[in-house]
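Here's a walk through one fold, from the overall layout down to a few individual residues. Keep the viewer open and follow along.

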Amino acid sequence: MTRIIAIIFTLIIMVSCNSQKVYSDFDISYSKSGGYAPVYENLLIKGNNVHYSFEGGGKKYNQNFTLTDEDLKKLDNTLSQNNFRRIQEDHKKIYDGIATSINIKKGANEGSKTDASSIMSNFKTNWKNITAAFQEIINNNVKKQ
């Protein structure tokens, strides 16, 4: 009996650890979170595989899909053309806003940026173009319920 309990306990631990792997094992991540009525939106890209999750406004859903090499190249070009690595974050305190964070773990645009404290004014257009590219991926691939 104790063997069965030990096996079940081990399986539970393995499943719970594996369920969080999708949130830590990615090449590119785009996330929006916060606000007065909190919203959590994540787009995680690993190779050509994408995991999308959304929670807010009483809705919660997850979806997996695949991006083409062309889509990934277009995203990488947008990051490069808008100087992702050179974007400067402001240090003003902003409370109760929805913050967008982008993390790139590989490639020429490797880095991490967020608008949680705003973006310096001379980089706002670049930031808008980059976030629009991620939003386009979401709009074109996610089937919201």
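Which exposed residues does the face of H2 turned away from its buried side carry? They are Asp69, Glu70, Lys73 and Gln81. Keep in mind throughout that this is a predicted model.

## The overall layout

Let's zoom out for a moment. The chain has three helices and six strands, and from the N terminus on, the elements run α-β-β-β-β-α-β-β-α. Of its 145 residues, 37% count as buried.

As for how the chain folds back on itself, take the contacts between residues at least 6 apart in sequence: 56% of them join residues at least 24 apart.

## Helix H2, inside and out

Back to helix H2 (69-81). This helix has 13 residues and reaches 18 Å from its first C-alpha to its last, close to the 18 Å expected at 1.5 Å a residue. The buried residues of H2 are Leu72, Leu75, Thr78 and Leu79. Seen down the helix axis, these buried residues fall within an arc of 120 degrees, so they line one face of H2. The general rule behind such patterns is that an α-helix has 3.6 residues a turn, so residues three or four places apart point the same way.

What do the buried residues of H2 pack against? Their partners are S1, S2, S5 and H3.

## Helix H3

Helix H3 (124-141) has 18 residues, and its first and last C-alpha atoms are 26 Å apart, close to the 26 Å expected at 1.5 Å a residue. Its buried residues are Asn126, Trp127, Ile130, Thr131, Ala133, Phe134, Ile137, Ile138 and Asn141. Those residues cover an arc of only 140 degrees around the axis, which puts them on the same side of H3. The face turned away from that buried side carries the exposed residues Thr125, Lys128, Asn139 and Asn140.

Now for the greasy part. In soluble globular proteins, nonpolar side chains tend to be buried together. Here the largest nonpolar core has 27 residues, and the members that touch the most others are Leu43, Ile45, Tyr52, Phe65, Leu75, Ile102 and Phe134. At least two core residues come from each of strands S1 (28-34), S2 (39-46), S3 (49-56) and S4 (59-66), as well as from H2, S5 and H3. H3 gives the most to this core, with six residues.

## Strands S2, S3 and S4

On one side, seven bridges join S2 to S3, and the two run antiparallel; Tyr40, for instance, has Glu55 in S3 as its bridge partner. On the other, eight bridges join S3 to S4, again in antiparallel fashion, with Val50 partnered by Phe65 in S4. Six of the eight residues of S3 are buried, so S3 is largely enclosed by the rest of the structure.

Both pairings are hairpins. S2 and S3 have two residues between them, and Gly47 in the turn has a positive phi of about 65 degrees. The hairpin of S3 and S4 also has two residues between the strands, and there Gly57 takes a positive phi near 60 degrees. At Thr66, which lies in strand S4, there are contacts with Asn48 and Asn49, leaving aside residues up to four places away in sequence. Thr66 and Ile45 are 21 residues apart in sequence and 9.0 Å apart in space, C-alpha to C-alpha.

## Loop residues worth a click

Where does Asn109 lie? Look in the loop between strand S5 (98-104) and strand S6 (111-114). Asn109 counts as buried because its relative accessible area is 6%, under the 20% cut-off. Its side chain makes a polar contact with the side chain of Ser80, at 3.1 Å. Beyond residues up to four places away in sequence, Asn109 touches Asp76, Leu79, Ser80, Phe84, Arg85 and Ile104.

Asn83, in the loop between H2 and S5, has a phi near 50 degrees and counts as partly exposed at 37% relative accessibility. Ser118, in the loop between S6 and H3, has a phi near 85 degrees and is buried, with a relative accessible area of 15%.

Conventions: Residues are numbered from 1 along each chain as its sequence is written. This is a predicted model: local features need pLDDT of at least 70, side-chain atom pairs count only at pLDDT 80 or more; totals for chains, interfaces and linings use all residues. Side-chain values use heavy atoms; hydrogens and water are left out. Helices (H or I, at least four residues) and strands (E, at least two) are DSSP runs, numbered from the N terminus. Buried means under 20% relative accessible area, exposed over 50%, partly exposed in between (1.4 Å probe, protein chains only). A polar contact is a pair of N or O atoms within 3.5 Å; within protein, one must be able to donate a hydrogen and the other to accept it, and residues adjacent in sequence count only if both atoms are side-chain atoms. Contact means heavy atoms within 4.5 Å. A nonpolar core is a set of buried Ala, Val, Leu, Ile, Met, Phe, Trp, Tyr and Cys residues joined through side-chain atoms within 4.5 Å. The expected span of a helix is 1.5 Å times one less than its number of residues. The arc is that of the directions from the helix axis to the C-beta atoms. Two strands pair if DSSP finds at least two bridges between them.
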